[in-house]
Amino acid sequence: MHEVVTIGESLVALIPDSHTKLRYVNTFSKVVAGAESNVAVGLAKLGHKASWLSKVGADELGHYVIRELRAEGVDTSAVIMDSDHPTGLMIKEFTPSLQSSVYYYRKGSAASTLSVDEIDWDFLRKAKIIHISGITPALSPSCKEVVEAVARFAKKEGIPFSFDPNIRKKLWSMEEATETLTPLFSLADLVLLGDEEAQILLGTDKPEEVVSILHQKGVSTVALKLGEKGAYVSDGKSAHYIAAHQVTVVDTIGAGDAFNAGFLAGILEGKPIEACGRMGAIMGALAVGSYGDTEGLPDRSGFDAVMHNTQEVQR
Ligand code: KDG
């Protein structure tokens, strides 16, 4: 049984051990990245049953991705291993001032070949929430079909569909992104988006306007992520500004996914919308304090200690 099913590509990410152009980097650390599996990991660390559905290559990197996600408590039983296509790869780059960039080596990857006829609908039917980001439809026409079919399926089955547009400018043009992602809002129950994405897709980043436009489209719950300014959350009955949780920033990649995990955990636990926003803000902040996307995320007791301000020095 699972509470949340996420669908999308996971990649092996290489993180340079020095902050300089990649041509000068000699050593890297290897971690798993991927917006949807990041959400699943965050939820699993908070004690929720999260499944990740995707394809990986039947190669060493594919085995590595599955092994790591399982180790974090994510159910990978529905993942397909593909002997004909490789697991995708991405390499991060940091400038001395800690600005990060990513380079993708994922064209033709196993996950990009996921198609509607490979989806296990009975598996999805057991979910309390289905979560997908806008990265998945950018991967290939068949992935776009999968996302649209899953969103329609969720609506028909009455399963809340959680959607984060997660625009990746390196994967497609803004016109393509807007044309594909905007209609998905109307199929979503929960929309978790960044202010820059709101500006691109909805023509405004003003929190009250964003929330009002999305509620008019039928979205019941909105979380607008405002980076270092925190978040603005609404369930249509009340709306709240959530202050950012302060940490020293090391690597901002993965913060949005961590926010989503904390926020969705709050929804699963039936918490008021303001508390869901706070849970998201804490998880997002803890993600940026370390280099990988999920390595900085706390387990439940660590999270509760931050949430309830009861952290102790361990001796
Ligand atoms: O949100 C973080 C993701 O962007 C990162 O883990 C890699 O999924 C990824 C992507 O496609 O950019």
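Phe263 touches residues well beyond its own stretch of chain: leaving aside neighbours within four places in sequence, its contacts (heavy atoms within 4.5 Å) are Leu190, Leu192, Thr221, Ala223, Val233, Ile273, Cys276, Gly277, Met279 and Gly280. This is a predicted model, where local features need pLDDT of at least 70, side-chain atom pairs count only at pLDDT 80 or more, and totals for chains, interfaces and linings use all residues. Residues are numbered from 1 along each chain as its sequence is written, and side-chain values use heavy atoms, with hydrogens and water left out.

**Nonpolar cores**

- A nonpolar core is a set of buried Ala, Val, Leu, Ile, Met, Phe, Trp, Tyr and Cys residues joined through side-chain atoms within 4.5 Å.
- Buried means under 20% relative accessible area, exposed over 50%, and partly exposed in between (1.4 Å probe, protein chains only).
- The largest such core holds 47 residues. Phe263, Leu43 and Trp52 have the most contacts inside it.
- Helix α10 (residues 273–288) gives this core its largest share, eight residues. Helices (H or I, at least four residues) and strands (E, at least two) are DSSP runs, numbered from the N terminus.
- Another core lies apart from it, with 45 residues, including Ala127, Ala151, Ile167 and Ala177.

**Cysteines**

- How many disulfides does a search of the whole structure find? It finds zero (a disulfide is a pair of cysteine sulfur atoms within 2.5 Å).
- Cys276 has a relative accessible area of 0%, so it is buried.
- Cys143 also counts as buried, because its relative accessibility is 1%.

**Ligand site**

- Polar contacts here are pairs of N or O atoms within 3.5 Å.
- Asp293 places a polar side-chain atom 2.3 Å from an oxygen atom of the ligand.
- For Tyr104, a side-chain N or O atom is 2.4 Å from a ligand oxygen atom.
- For Asn38, the corresponding distance to a ligand oxygen atom is 3.4 Å.
- The ligand taken alone exposes 310 Å², and the protein buries 96% of that (Shrake-Rupley method, 1.4 Å probe).

**Ala188**

- Ala188 sits in the loop between α6 (174–185) and β11 (190–194).
- Its relative accessibility is 0%, so Ala188 counts as buried.
- Beyond neighbours within four places in sequence, Ala188 is in contact with Phe161, Phe163, Gly218 and Val219.
- Ala188 and Ser100 are 88 residues apart in sequence and 30 Å apart in space, C-alpha to C-alpha.

How values were computed
Polar contact = N/O pair within 3.5 Å; in protein donor to acceptor, adjacent residues only side chain to side chain.
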